[in-house]
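Subject: A structure for you to look at

Hi,

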Amino acid sequence: MPVIRFVREQRDVECFPGENLREVALREGIELYGLKGRLGNCGGCGQCITCFVEVVEEVEGGAANALSEQTSVERLKLKRRPQAWRLACQALVQKSVMVLTRPQVGLSDREGDLARARAQPLPQGPTDWPAAPPAAGDAEVKAGEDAETDPGLENGAPTFPSATSDEGGVLPADGR
Ligand code: FES
């Protein structure tokens, strides 16, 4: 899988090809936003221009397409920003890439941090999605059949404590 190297945070994070850069960062607890963005951001619609990242380096051979092409929103919103800046919410990760979050906030030792980040080569990683897990729908159908005959269910309502109301009284076969 592609690796995103977050220079400021000194972290490598794997993601699936095609994943949204902002979503990966949020999932991994990486702070994308400065104060303005933390106080209020558009939630990934490309409107608040607070989710800047600087593309520091892309994996060799993939320099042109480690991230998806700039969207029309980015072309409009990033007109007066450095060319290497992207909006994380608009960028899909296609290959390994090295990024600096909040590039508008300086690094005290930018060159040193970049040199350390570049010292370890970025793995491109496999770019295929992993094999699909066993079809969950099969288990639910099976559980649904059980629900009709299971004396432990009252009016089709689940008695299993972890079931939620939006599951419609259908329990997975394995009880999870
Ligand atoms: S989250 Fe608002 S522009 Fe990216």
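Glu-23 is found in helix H1 (helices are DSSP runs of H or I with at least four residues, strands are runs of E with at least two, and both are numbered from the N terminus). Glu-23 counts as partly exposed, because it has 15 C-beta neighbours inside 10 Å. For the burial terms, a residue is buried if 20 or more other C-beta atoms lie within 10 Å of its own, exposed if 12 or fewer, and partly exposed in between, with C-beta atoms placed from the backbone. The C-alpha atoms of Glu-23 and Gly-43 are separated by 9.9 Å, and these two are 20 residues apart along the chain.

Some background before going further. This is a predicted model, in which local features need pLDDT of at least 70 and side-chain atom pairs count only at pLDDT 80 or more, while totals for chains, interfaces and linings use all residues. Residues are numbered from 1 along each chain as its sequence is written.

The pLDDT (the predictor's confidence in each residue, from 0 to 100) averages 78 for the protein chain, and 67% of the residues score at least 70. A contact here is a pair of residues whose C-beta atoms, placed from the backbone, lie within 7 Å. Where pLDDT is low, the predicted coordinates should not be read in detail.

The overall layout

The protein chain holds five helices and seven strands. Along the sequence they follow the pattern β-β-β-α-α-β-α-β-β-β-α-α. Of the contacts with a separation of 6 or more, 68% are between residues 24 or more positions apart. Buried residues make up 24% of the 176 residues.

Strand S1 and its partners

Strands S1 (residues 3-6) and S2 (residues 11-14) run antiparallel and are joined by four bridges; two strands pair if DSSP finds at least two bridges between them. S1 is also joined to strand S7 (residues 97-101), in this case by three bridges and in parallel.

The hairpin of S1 and S2 has four residues between the strands. Gln-10 is found in that loop, and its phi is near 55°, a positive value in a residue other than glycine. Gln-10 counts as exposed because it has 10 C-beta neighbours inside 10 Å.

Is S7 enclosed or open? Five of its five residues are buried, so S7 is largely enclosed by the rest of the structure. Val-97, Val-99 and Thr-101 cover one side and Met-98 and Leu-100 the other, and all of these are buried. In a regular strand the side chains alternate between the two faces of the sheet.

The largest nonpolar core has 27 residues, of which Leu-21, Ala-88, Val-97 and Val-99 touch the most other members. A nonpolar core is a set of buried Ala, Val, Leu, Ile, Met, Phe, Trp, Tyr and Cys residues joined through C-beta atoms within 7 Å. S1, H1, strand S4 (52-58) and S7 each give two or more residues to this core, and its largest share, four residues, comes from S7. Leaving aside neighbours within four places in sequence, Leu-21 is in contact with Val-53, Leu-67, Ala-88, Ala-91 and Val-93.

Two arginines to look up

Arg-102 lies in the loop between S7 and helix H4 (110-119). Its phi is positive, about 45°, although it is not a glycine. Arg-102 is partly exposed because 18 other C-beta atoms lie within 10 Å.

Arg-116 has its place in helix H4 and counts as exposed, because it has 12 C-beta neighbours inside 10 Å. Arg-116 and Val-7 are 109 residues apart along the chain, and their C-alpha atoms are separated by 8.8 Å.

Enjoy exploring it!

Best wishes

Note on methods
Two residues are in contact if their C-beta atoms, placed from the backbone, lie within 7 Å.
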